[in-house]
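Here is the note you asked for on this chain, written so that each point can be followed with the structure open beside it.

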Amino acid sequence: MLNFLIGFLIAVSVSLFGMPAAFADKGHCSAWIQEKWSQEKLQHEIEHLKRQMVQWDYLYRQQGDSEIDDEIYDQLLETLVLWQSCSNQIPDSTFEIKVSQEGKQPHPVQHTGLNKLKEVWKVRQWLQGREKVWLQPKIDGVAVTLVYEKGQLVRFISRGDGIEGTDWMDKSLFIPSIPKQIKNAPEHTVLQGELFWQQKEHRQSISGSHGSRSKVAGLMMRKTPAAELKQIGVFIWGWPDGPYDMEVKLERLASMGFPLAQQHSHPVATPEDAEKRWKDYFELPLPFASDGVVLRQEIEPAGRQWRSGSNSWAIAWKYPLRQQVTTVKDVNFTIGRTGKISVVLGLEKVRLDDRQISRVNIGSVNRWKQWNVYPGDKITVALAGHGIPKLDKVVWRMAERPDIQPPDEQDYHYLSCLSFNYLSNVNEHYCQQQFIARLTWLGEKLKMKGIGQGTWAVLVRHGLVTNLTDWLALDKAQLEKVPNIGTKRAELIFAQLQQAKSQLFSSWREAIGLPYANRFTENMGWQWNVQPEGADTKHSLSLTAKQAEKISAFLQHPEIKRVIQSLAVHGIKEEKWIGEINTAEKQDVEPIDKSRKDGAASHPEAHN
């Protein structure tokens, strides 16, 4: 039964929406599977996803409960099709779903569904050579059939599988927007349309659909009619065997009590007309949620020819997805200048708002553990403020979870990795990251133009920079020997390194990473005293005991002492510099116990 249901879901998806692009990319699929998964693992994950898809579909169709957004459901269904192709399982489009006949009604005219397009060029291609095309909003709601006999509503049926649906006649009495009796109606009238949640000033580009479809479906699935049914509207988009002329059809619908179609149907003569209307419906305030627009030809086949999954006279042009489903490829840990560990997910590339997204920062190690996200998992990404990608939700977790160990947070802090010799520590990947981050910060604070993280990384990996100041002794000849730098680039780098010597002494304090460097004034060197809050003494700082301890620990670190001495040798010192720092003794602060990574992991402030 499970395979039977999934076969139907895939067949419907392929017939309604076309074959996913990923399905056709068999070569990519094979290469990826060969590299990452065995066939046994692939089959395991297919069955795992199948069960969840069936559960989601059952809850939605039988109980009106949508646990997952429709656009995400569609993307996961494409994933299932792709995985099946990778294991040589081809969807069988001849499958038909068997449902209980209790409460079911056949549609007098089948619901065809729509092929969905996303790219402008495909829309232009579809429009080419077609005449008398109209545009309507694609309402984000629940499709239904209304049947009138001599003007009297006699049947009200949910879309179901397009061939038959649920009898909702008992709910119609509680939905004022559905006329129970229409005047001047034909002897027999079949209408197809969309039930939607009525809203005020709804802007799709800003608010999205906010679960409007699920809200309507939930109310309609309830056994007992709810008072909220009065909030449901109806938009008629199909009148099989109705008037041929679209304007006449829309006028007749309005006179029968269905005015929305006339208000929101527009003839389009050119692709530019369609694009403008598409943008308007996406951005302007409307009384309903929509997920795109529909382009339909005025001339349609006779109703007896309408078949579920087959529609050549109309297409849907979808709005851009607010969130994209993608696969996590890698979980990467990065160490920042102060030892803070950040987790960055490497992703299969997806496009959001004309941007290619291939990575997303999810914050700390603890946050990563809360997300419980690993390679192979399916996540949704969205754009936050300023277009920064963010992890929105983990929508699917792999059945098999890999073992990934993050760096030990005790090893990285504001005193760790103050120096790094790549030639003797090639495997110390995380310490290298922190050291290069320190150099990048230093370059920014000393106003080095054109010297960023990439340049520092090259210098470190060729053994030219091993601490925070030895680059001061580099000459152009040394730089020219580095592969891919060359004479001209070496001259530019050398000039920037030299100009750093002329930067303010306060900039150097900040550049080497002195905690609370902004508290120091220009007339202070490396010596300082702590005074109570509000004191204004030439060599005094207003600090808490912990802040003072942190500064002392930094200045007393052996690497920092060597840095200070090196700066003095190169003429970078405060005029009243006396040569040796005795800050810890003056403050009566014991030097911290040094441990691995050139720092003291046991220091009370070591991980701030």
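The points below take up an annotated residue, then salt bridges, then aromatic rings.

1. Please keep in mind throughout that this is a predicted model, and that the note describes what was computed from it.

2. Lys138 is part of strand β3, which runs over residues 133-139. Is Lys138 buried or exposed? Its relative accessibility is 13%, and because buried means under 20%, Lys138 counts as buried.

3. The surroundings of Lys138 can be read from its contacts. Leaving aside residues up to four places away in sequence, Lys138 touches Leu114, Lys116, Ser290, Asp291, Gly292, Val293, Val294, Ala316 and Lys318. Two of these names, Asp291 and Lys318, return in the next point, where they form a salt bridge through their side chains, at 3.0 Å from N to O. Asp291 lies in strand β10 (residues 290-297) and Lys318 in strand β11 (residues 314-318), so this pair ties together parts that are 27 residues apart in sequence.

4. Which residues are linked with Lys138 in a network of salt bridges? The network is made up of Lys138, Asp140, Arg213, Asp291 and Lys318. Within it, Asp291 is buried, and Lys318 is buried as well.

5. Glu47 and Lys50 meet through their side chains at 3.3 Å, N to O; both belong to helix α4 (residues 39-63), where they are three residues apart, about one turn of the helix. Lys50, at 4% relative accessibility, counts as buried.

6. The other example is the salt bridge of Lys150 with Glu187, whose closest N and O atoms are 3.8 Å apart. This pair links distant parts of the chain, since Lys150 is in the loop between β4 and β5 (152-158) and Glu187 in the loop between α7 (169-172) and β7 (188-197), 37 residues apart. Lys150 counts as exposed at 62% relative accessibility, and Glu187 is exposed too, with a relative accessible area of 52%.

7. Turning to the rings, the count comes to 15 aromatic pairs. One of them joins Tyr148 and Phe258 edge-to-face, with 6.5 Å from centre to centre and 70 degrees between the planes. Tyr148 lies in strand β4 (residues 142-149) and Phe258 in the loop between α10 (246-255) and α11 (260-263), so the pair ties together parts that are 110 residues apart in sequence. Tyr148 is buried at 0% relative accessibility, and Phe258 is buried with a relative accessible area of 2%.

8. Tyr412 and Tyr430 also form an edge-to-face pair, because their ring centres are 6.4 Å apart and their planes stand at 80 degrees. Tyr412 is in the loop between β16 (389-396) and α14 (429-445), whereas Tyr430 is in helix α14, 18 residues apart. Tyr412 is buried, with a relative accessible area of 6%, while Tyr430 is partly exposed, with 24%.

9. Finally, please look at two other arrangements of rings. Trp278, Phe282, Trp317 and Tyr319 are linked by ring pairs into a cluster. At Trp441, Arg337 lies over the face of the ring, 3.8 Å from the ring centre, and the charged end of Lys445 sits over the ring of Trp441 as well, 4.4 Å from its centre.

Terms used: Residues numbered from 1 in each chain as written. Heavy atoms only, no water. Helix = DSSP H or I, 4+ residues; strand = E, 2+ residues; numbered from the N terminus. Buried < 20%, exposed > 50% of the residue type's maximum accessible area, 1.4 Å probe, protein only. Contact = heavy atoms within 4.5 Å. Phe/Tyr/Trp six-rings, centres within 6.5 Å; stacked < 30°, edge-to-face > 60°. Lys NZ or Arg CZ within 6 Å of the ring centre and 35° of its normal. Salt bridge = Lys/Arg side-chain N within 4 Å of Asp/Glu carboxyl O.
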